[in-house]
Amino acid sequence: MTEHAATVNKKYKEFVERIVDTNAVWGLTKDETWATSSSQEFEDTEVILFWSDKAGAAACAEDEWATYTPESITLVEFLENWCVGMYGDELLVGADWDADLSGKEAEPLVVALDVVKQLKAKDKTLEFTQYDSQQEFEEQVIEALDGE
C-alpha cells in the first residue's frame, strides 16, 4: 500500500469514528444541492462529499463551491437516506476530502456497515426511523452487499 493510500485509509477510519462520536455528518450545500465531484477511480461516477466536522466542510467551500455552506445531518439520516439512496443511484461517498479534492471514495453500503461496526464497538445504538432496529438495518445492508 502506498503512503498516500495508507493516509487516505487512516483518514477514512477517523471519519467513521468521528461521525459515530458526534452523531453528525457534514456536507456543503447551496439551494438544497450538495457538493459532488467526479470520481477519480471510476469513469462516469459521481461522488457526494461528506465530512466529519464543520471545519473540514468549510475548508472545501472555495472555487466552484465558494457559495456553498456547511450543513449537518444526523447519523441516522446519513445511513438511512443518504447511504441507502446513494447505493440505489450508484453514487459514491467521499469521506473527509481535503481542499485538493482528494480522499477516500467508498461504496455507500460499505460506509454504512463500517459505521454500524463502529457503533457496536462503542456500544452505541441508534434509533432508526425506516428500520425496526439497528440490527435490521445491518442485516439488510449485509444482504444487499452479498447480493452484488
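These legends go with a handful of close-ups of a predicted model.

**View 1. Helix H3, end to end.** H3 covers residues 75-88. With 14 residues at 1.5 Å a residue, the helix should span 20 Å, and its end C-alpha atoms sit 19 Å apart, so the two figures agree. Look along H3 for its buried residues: Leu75, Val76, Phe78, Leu79, Glu80, Trp82, Cys83 and Met86. Just past the helix comes Glu90, with a positive phi of about 55°.

**View 2. The largest nonpolar core.** Nonpolar side chains tend to be buried together in soluble globular proteins. Here the largest nonpolar core has 34 residues, and the ones touching the most other members are Phe50, Leu75, Phe78, Leu79, Trp82, Val115 and Phe137. At least two residues of this core come from each of helix H1 (3-22), strand S4 (46-50), H3, strand S6 (92-95), helix H4 (108-121) and helix H5 (134-146). There's also another core, lying apart from that one, with 13 residues that include Ala35, Ala57, Trp65 and Tyr68.

**View 3. Zooming in on Trp82.** Trp82 is one of the buried residues of H3. Skip its neighbours within four places in sequence, and Trp82 is in contact with Trp34, Ile48, Phe50, Ile73 and Glu77.

View 4. A search of the whole structure turns up zero disulfides. Cys60 is in none, and the nearest cysteine sulfur, 19 Å away, belongs to Cys83.

**View 5. Strand S1 and its partners.** S1 runs over residues 24-30, and six of its seven residues are buried, so the strand is largely enclosed by the rest of the structure. Strand S5 (residues 69-74) pairs with S1 in the antiparallel sense over six bridges, and in S5 you'll find Thr69 as the bridge partner of Thr29. S1 also pairs with strand S2 (residues 33-34), again antiparallel, over two bridges.

**View 6. The S1-S2 hairpin.** S1 and S2 make a hairpin with two residues between them. Lys30 stands opposite Thr33 of S2. In the turn, check out Asp31, which has a positive phi of about 50°.

Note on methods:
Residues numbered from 1 in each chain as written. Predicted model: local features only at pLDDT ≥ 70, side-chain atom pairs only at ≥ 80, totals over all residues. Heavy atoms only, no water. Helix = DSSP H or I, 4+ residues; strand = E, 2+ residues; numbered from the N terminus. Expected span 1.5 Å × (residues − 1). Buried < 20%, exposed > 50% of the residue type's maximum accessible area, 1.4 Å probe, protein only. Disulfide = S-S within 2.5 Å. Core = buried A, V, L, I, M, F, W, Y, C linked by side-chain atoms within 4.5 Å. Contact = heavy atoms within 4.5 Å. Pairing = 2+ DSSP bridges.
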